[in-house]
Amino acid sequence: MGLASGGIVSPGVSLSVRELREVVDLLQLLYGVDFSCWSSMQLSMRLVSVVRDFGFRTLTELMRFLVDNRDNGSVYDDFLDHLYVPTTEMFRDPGFWRTLRDVLVPQLVQDRGEELRFCVANQDSGEELYSLLIVLDELGLVHRSSVLFLYMSSLRGNRVRVGLLRDRVGDSDRANFERYSPGGDLDRWVLKEGNTRFFAPDLLQGVDFRSVGIDSDLGEDLQNIDLLLCRNHFLYYTRTSVEVQLVQFLPHLRYGGYLALGIQEHLDRSQREGRFEEWDVGESIYRKVGY
Amino acid sequence: MVEASAVSSTCRYRLVVVGGSAGSFQVVSRLLQVLPVGFPIPLVLCLHRLKHVRSGFVEALVQRSAIPVVEPYDKDTLRGGVAYLAPANYHLLVDGGGRVNLSSAPAFNHSRPSIDYTFCTASVAYRDRLVGMVLTGANNDGALGASYIKSHCGYVMVQDPQDSAVGTMPRSVLDAVEADYVADSSGLFAKLMELVL
């Protein structure tokens, strides 16, 4: 199975080292982007998913399609949109969002006032951003705060920018929201136009949407972030790449600012040393204490 | 408690992966009770579970277990004599370096964690050094994964559907592959000891 044999892809099939190298080299050649920062296992799994999403049977077919359309930016954009894992549900890990609403953000307000800066940096498909905006809206902060949303795929960024929701606000979203805010109504923030649903446009209009490269470089002008949401992002990268991204993120975080990871991600001692302290181990929230 | 005083360091198998759904908690609890201290290889447990229950599940398993039971963090290394429970709402993948890779990718076959994902990735990484065990459950998650284990020359054992709280999962595996061993839960445990110790 692979580029040479053109074998059928199935879930869980890992590409060989040679096959994966071929794909990574080809993507570098076509788009100038180095995907060797991704975990081999995760890149394999995601490529298999992209093959299925694009309606192909083999990885070779996908690669040939990308080669044939290498001058068509929208094809690459679509590829990226499918490669990066969607967040899949709003208020994923309701306990995390309660901690944000009840403890972390009030603490930030106490320390810094109400003009806070937030950044969603995990190639989110919108659900993390919408959840954050709801929390800030409930706290009366959404129009006082700066919220930055980073994306690689313009398709994804534009979809989130207009607040396009999946066909319906799903059962998972509602169940999560109920756990986050018992008796609350998630539909308060959903606008329906015909058969299409949108997230509250008034909350989105103040969000700064920025395109970034694979290295998540935030750019020199972005400083003093109070909370960097990076949940379930490092799952897909090598440990070395995680270290690179941590080094890149660190200067953009205010001293005393917070980094939020997925609840099953953690920074070990060597990754924390001189940079972060564990602020909430259960919710994987870290506080910057170094430079 | 059985002491693994005669643990063989030349055991062929290097990893056990267990998949289960409805009714499997009780079976896994009993399994963990009989595994000896010093069980030589890691055990990965992919059990369908309520995604919002973040505490209690592993604690309940630990109470009855002679070996440590943990919910791994991403990129944790699998160690012998430890049982790794796939965390709620994540897929647990196994890579060739014996590490856990967690994924928040969408549910596969309506399941997250997906038994198929665990079994498939483990089969590629461990090949003929892998034992897969499929327990009671109400859907066909694991059938594809079991076929991968077999195609990579691993060993597949299945709980007898007659012995299962819900026979759908074991039956779907038996329909998909020629299992190496089919037995009630006690028989599975004994066979596992025979293979590994």
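Is A:Leu116 buried or exposed? A:Leu116 is buried, at a relative accessible area of 0%; buried means under 20% relative accessible area, exposed over 50%, and partly exposed in between, with a 1.4 Å probe and protein chains only. This is a predicted model, in which local features need pLDDT of at least 70 and side-chain atom pairs count only at pLDDT 80 or more, while totals for chains, interfaces and linings use all residues. Residues are numbered from 1 along each chain as its sequence is written, chains are lettered from A and ligands numbered from 1 in the order in which they are written, and side-chain values use heavy atoms, with hydrogens and water left out.

- A:Leu116 sits in the chain A loop that runs between α5 (94–112) and β1 (117–120); helices (H or I, at least four residues) and strands (E, at least two) are DSSP runs, numbered from the N terminus.
- Apart from residues up to four places away in sequence, A:Leu116 touches A:Val105, A:Leu108, A:Val109, A:Arg144, A:Ser145, A:Ser146 and A:Asp226, where contact means heavy atoms within 4.5 Å.
- A:Ser145 is 29 residues from A:Leu116 in sequence, but their C-alpha atoms are 4.8 Å apart.
- A:Arg254 belongs to strand β7 (residues 253–260) of chain A and counts as buried at 14% relative accessibility.
- The side chains of A:Arg254 and A:Asp226 are joined by a polar contact of 2.6 Å. A polar contact is a pair of N or O atoms within 3.5 Å; within protein, one must be able to donate a hydrogen and the other to accept it, and residues adjacent in sequence count only if both atoms are side-chain atoms.
- Not counting residues up to four places away in sequence, A:Arg254 touches A:Leu108, A:Arg112, A:Asn224, A:Ile225, A:Asp226 and A:Lys288.

- Helix α8 (residues 171–180) of chain A has A:Asp173, A:Asn176, A:Phe177 and A:Tyr180 buried. Seen down the axis of α8(A), these buried residues fall within an arc of 100 degrees, so they line one face of the helix; the arc is that of the directions from the helix axis to the C-beta atoms.
- The packing partners of the buried residues of α8(A) are α5 and α6 (127–138) of chain A.
- In helix α10 (residues 239–249) of chain A, the buried residues are A:Ser241, A:Val242, A:Gln245, A:Leu246 and A:Phe249. Their arc, seen down the axis of α10(A), is within 140 degrees, so they line one face of the helix.
- The buried residues of α10(A) pack against β6 (225–229), β7, α11 (269–272) and β8 (276–280) of chain A.

**Nonpolar cores**

- A:Phe35, A:Trp38 and A:Phe79 touch the most other members of the largest nonpolar core, which has 84 residues. A nonpolar core is a set of buried Ala, Val, Leu, Ile, Met, Phe, Trp, Tyr and Cys residues joined through side-chain atoms within 4.5 Å.
- Helix α1 (residues 17–31) of chain A gives the most to this core, seven residues.
- Another core, of 41 residues, lies apart from it, and includes A:Phe118, A:Leu136, A:Val147 and A:Ile285.
- Leaving aside neighbours within four places in sequence, A:Phe35 is in contact with residues including A:Val24, A:Leu27, A:Tyr76, A:Leu80 and A:Ile214.

**Backbone geometry**

- Most residues other than glycine have a negative phi, and most peptide bonds are trans.
- A:Phe91 has a positive phi, near 50 degrees; A:Phe91 lies in the loop between α4 (73–83) and α5 of chain A and is buried, with a relative accessible area of 0%.
- A:Gln123 has a positive phi, near 55 degrees; A:Gln123 is in the loop between β1 and α6 of chain A and counts as buried at 4% relative accessibility.
- B:Arg112 and B:Pro113 are joined by a cis peptide bond with omega about 15 degrees; B:Pro113 is in the loop between β6 (100–103) and α3 (115–126) of chain B.

**Chain B as a whole**

- Chain B has six helices and nine strands, and 59% of its 197 residues count as buried.
- The C-alpha atoms of chain B fill a box of roughly 40 × 35 × 30 Å along the principal axes.
- Of the contacts in chain B between residues at least 6 apart in sequence, 72% join residues at least 24 apart.
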